[in-house]
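Have the sequence and the model open side by side as you read.

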Amino acid sequence: MDRELRILILEDDSADAELMQRELRNAGITFSAMLVDSREGFIKGLEEFSPDMILSDNKLPSFDGISALDISQKKCPDIPFIFVTGTMGEEWAVETLKRGACDYVLKDRIYRLASVVKRALQEVKERNEHKRAEETIKEHAEQYRTIVSATLFGFLLTDEKAKLLDVNDTYCSMSGYTRKELLNLSISDLEATDKPEDVAARIQRVIESGTDQFESKHKAKDGRVFDIEVSMSFLYSRKQFIAFIRDITDRERVKQELINAKEHAEESDRLKTSFLHNISHEIRTPMNAIVGFSALLGEPDVDAQSRKDYIETIMLSSNHLLLIINDIIDISNIEANIVKADKNEININSKLKSLCNQFIPVANEKKIQLVCETGVPDSDALIITDSTKLTQILTNLINNAIKFTDKGYVKVGCVLRDMFLEFRVSDTGIGIPQEYHNKIFDRFYQVQHTTSRLYEGTGLGLAIAKAYAELLGGNIRLSSEPGAGTSFFVTIPYEKQVVATETVKEKMGYEVFVFPEKKTILVVEDVDSNFKLINCFLAGANADIIRASNGEEAVEIALAEKNIDLILMDIKMPELDGYTAAKIIWESKPDIPIIAQTAYADDKEEAIGSGCSGFILKPFDKKSLLKVIREFI
Ligand code: ATP
Ligand code: MG
């Protein structure tokens, strides 16, 4: 006790009071005292003097010790109350103790007072210390609960056999178990590792070093496995383990995604390298034929048959080259996300038949059978879809089927299932092992080792087919058995065309077209060879051809010449481009039809949007050129 001991003395006899104080002082107890002899005095003393101890007589003229005891018990039960009285029967003494008195001393044995007071003070001290210890324990327990429940980590407390003794809510929500369920489990019930020896070794490490951090996996109540990071300690004094646990499933997922992205980037890089290697071969092969045979054509004494053969080879190689270039353009458009479906009507039965006819010569050359099975009645065969893209999907699949088949057959067919059309291209070729079934749809991916160059190709066909099938609202899948063959299935929504609107124009021949009246056509073209080609295509069509080599010249001629019937306008030209030239011409001659000719497929929309009457994509042949011109004059 830091302050001086204060004793409230309830006593009407001042001599007795003095005796008591002397007794205490003689025993070496220092204190200050307040003497009261009435109820009011006693209450005031309790309130204002705030005593540490009460010594009380039993009988006073206007008050009594029992009532004083009752009051002090009510107001301050912890202050020791000692009766100092002349007489006290045993029963009465028991009664006072029951009511809360600490002890009693008879006045004729006042020499006991000091030891009674000392003992009472000692008891108070012990009681206070006990109380403080209890408070500290309570505080620590509260701190423990707060930390355990507030932490973002899961918390587990186990005994030395790893049986769970305590868990927090965070771990309950991580694992999906309730607290009650967990308290019936041990850590080994939660571990999701298939190597129990790892767990045992880990526990041993924690016991040896006191604490350890490691990564592991736990199994949730619903069977889900989650990745965790654990910080575990061993409490030697209690032989208990404490573990703080963090769910790192998301972190692991992100890590895995990064690894996948890295692998994907590396794979893309590898594919691109192999594509570049491949493409140079694919382009050089037809170019070699074109350059070589073109040179041969210029040699003297080439007989008519050889000339015909050379030209045929040049044409074939050019078309092959064009297909490769188109594939590259298609795939870059797909990747740039600028491909749109352009719906029109198509008769799928006729299309399948014409595709098969187109491929029969190649199939014959490889001595394989090409079977066309149109499984849709002719009355249902006219549908609405993007016919160009559908044709390209099927072309790519048939091309592959023939390429990868050396004996047997290739079957092409189509069936109507509910509201979907399913096209099928099956072959009896080399087949595709299961592990490549997804990869072959990646651009540039080829199963066969590229350096062996056993099969031609750039690895774009299926990537384009898949992107187009999805663009048409469908999908593509395959089933295959290595060595036995492959079937590709393309499913697209079935949208039947109700009224046939087959164009009459389509049926017109353009190869040998001659204008009934002479026409004047202004050809705006900066590249000489291109102009020469157009001039040749239009020779014999009864048309006067005027050339302008750039936009300015085009404007000049168009405004000066009265009789120009049509302008064939190149778009990309130095200085004044085709669109600007066209605009200037229309200001004075708004009725002249202008057909845009360009090598950029995506120029079409802009050409039509800026007012051009028609559009033709380079390279074009004679037939397509005459067809588009014929539409306007
Ligand atoms: P490209 O079509 O660009 O000329 P490609 O035919 O090699 O080249 P894809 O059509 O995309 O490219 O096909 C990718 C790969 O899938 C092929 O290289 C081949 O390994 C495999 N493949 C495709 N179709 C078949 C098939 N019918 N039988 C066996 N393998 C096939
Ligand atoms: Mg292919």
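Start with Gln448: an N or O atom in its side chain sits 2.7 Å from an oxygen atom of ligand 1. Keep in mind that this is a predicted model, so the distances here are computed from predicted coordinates. Thr458 also reaches ligand 1 with its side chain, placing a polar atom 2.8 Å from one of the ligand's oxygen atoms. Leu462 does things through its backbone instead: an N or O atom there is 2.8 Å from an oxygen atom of ligand 1. And how much of ligand 1's accessible area does the protein cover? On its own, ligand 1 has 590 Å² of accessible area, and the protein covers 94% of that.

Now look at who makes up the surroundings. There are 21 residues around ligand 1, and the ones that come nearest are Lys403, Gln446, Gln448, Leu460 and Leu462. Sorted by class, the shell comes out as 10 nonpolar, 9 polar and 2 charged residues.

Which elements do these residues sit on? Helix α13 (387-403), helix α14 (461-471) and strand β17 (485-493) each give at least two residues to the shell. The largest share comes from α13, with 3 residues.

Finally, zoom out to the whole chain. The protein is split into domain 1 (5-129), domain 2 (151-247), domain 3 (257-335), domain 4 (344-493) and domain 5 (506-630). If you take the centres of domain 2 and domain 3 over their C-alpha atoms, 62 Å separate them.

Technical notes:
Residues numbered from 1 in each chain as written. Chains lettered and ligands numbered in written order. Predicted model: local features only at pLDDT ≥ 70, side-chain atom pairs only at ≥ 80, totals over all residues. Heavy atoms only, no water. Domains from an automatic or database assignment. Near = heavy atom within 4 Å. Polar contact = N/O pair within 3.5 Å; in protein donor to acceptor, adjacent residues only side chain to side chain. Areas by Shrake-Rupley, 256 points an atom, 1.4 Å probe, with all protein chains shown as cover. Helix = DSSP H or I, 4+ residues; strand = E, 2+ residues; numbered from the N terminus. Nonpolar A, V, L, I, M, F, W, Y, C, P; charged D, E, K, R; others polar.
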